[in-house]
Amino acid sequence: MFINKSDTGKNNLCGEKIAALRIEMGISQRALADRLQIAGLDINKNAIQRIEAGKRFVTDIELKVLSTVLDTPVNVLLEEHTQ
């Protein structure tokens, strides 16, 4: 049976990287949501929180806009975090 989760059990690969980039930019989850909305993506702070925690799937459309707003290539967002 196929399961739509990463090896770590999260619903996305990009959440941790999004959180790190957002923190590096010095902005809040709400500010990131605001920037994404300005870029045309209808998303709120709660969705950002769930994405960063790996509790929400991320569509390719969302990934593209996140990449633009965070000024980071999509492939970088998809790199899995290794500890």
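Author: Start with a cut-off: a residue counts as buried when its relative accessible area is under 20%. The model is a predicted one. Helix 4 is the part to look at, and its buried residues are E62, L63, V65, L66, S67 and V69. What do they pack against? The partners are helix 1, helix 2 and helix 5 (74-77).

Take helix 2 next. Two packed helices are described by the angle between their axes and the distance between the axes. Helix 2 spans residues 29-38, and helix 4 spans residues 60-69. Their axes come within 10 Å. They cross at roughly 110 degrees. Helix 2 is therefore roughly perpendicular to helix 4, as angles of 65 to 115 degrees count as such.

Which residues make this contact? Helix 2 brings L32, R35 and L36. Helix 4 answers with V65, L66 and V69. By class, the contact has five nonpolar residues, one charged residue and no polar ones. V65, L66 and V69 are also on the buried list of helix 4. An α-helix has 3.6 residues a turn, so residues three or four places apart point the same way.

E62 is buried, because its relative accessible area is 8%. Its side chain meets that of R56 in a salt bridge, 2.7 Å from N to O. R56 is at 21% relative accessible area, so it counts as partly exposed.

How many salt bridges does the whole structure hold? A search finds three. One of them pairs E52 with R22, at 2.6 Å from N to O. This pair links distant parts of the chain. E52 lies in helix 3 (residues 45-52), R22 in helix 1 (residues 15-25), and 30 residues separate them. Both E52 and R22 are buried.

Another salt bridge joins the side chains of E16 and K10, at 3.1 Å from N to O. Are these two buried or partly exposed? E16 has a relative accessible area of 34%, so it is partly exposed. K10 is partly exposed as well, because its value is 24%.

Finally, return to the end of helix 4. Just after the helix, D71 takes a positive phi of about 50 degrees.

Key: Residues numbered from 1 in each chain as written. Predicted model: local features only at pLDDT ≥ 70, side-chain atom pairs only at ≥ 80, totals over all residues. Heavy atoms only, no water. Axes fitted to C-alpha atoms, helices over the stretch in contact; angles between N-to-C directions. Helix = DSSP H or I, 4+ residues; strand = E, 2+ residues; numbered from the N terminus. Parallel < 35°, antiparallel > 145°, perpendicular 65-115°, else oblique. Contact = heavy atoms within 4.5 Å. Nonpolar A, V, L, I, M, F, W, Y, C, P; charged D, E, K, R; others polar. Salt bridge = Lys/Arg side-chain N within 4 Å of Asp/Glu carboxyl O. Buried < 20%, exposed > 50% of the residue type's maximum accessible area, 1.4 Å probe, protein only.
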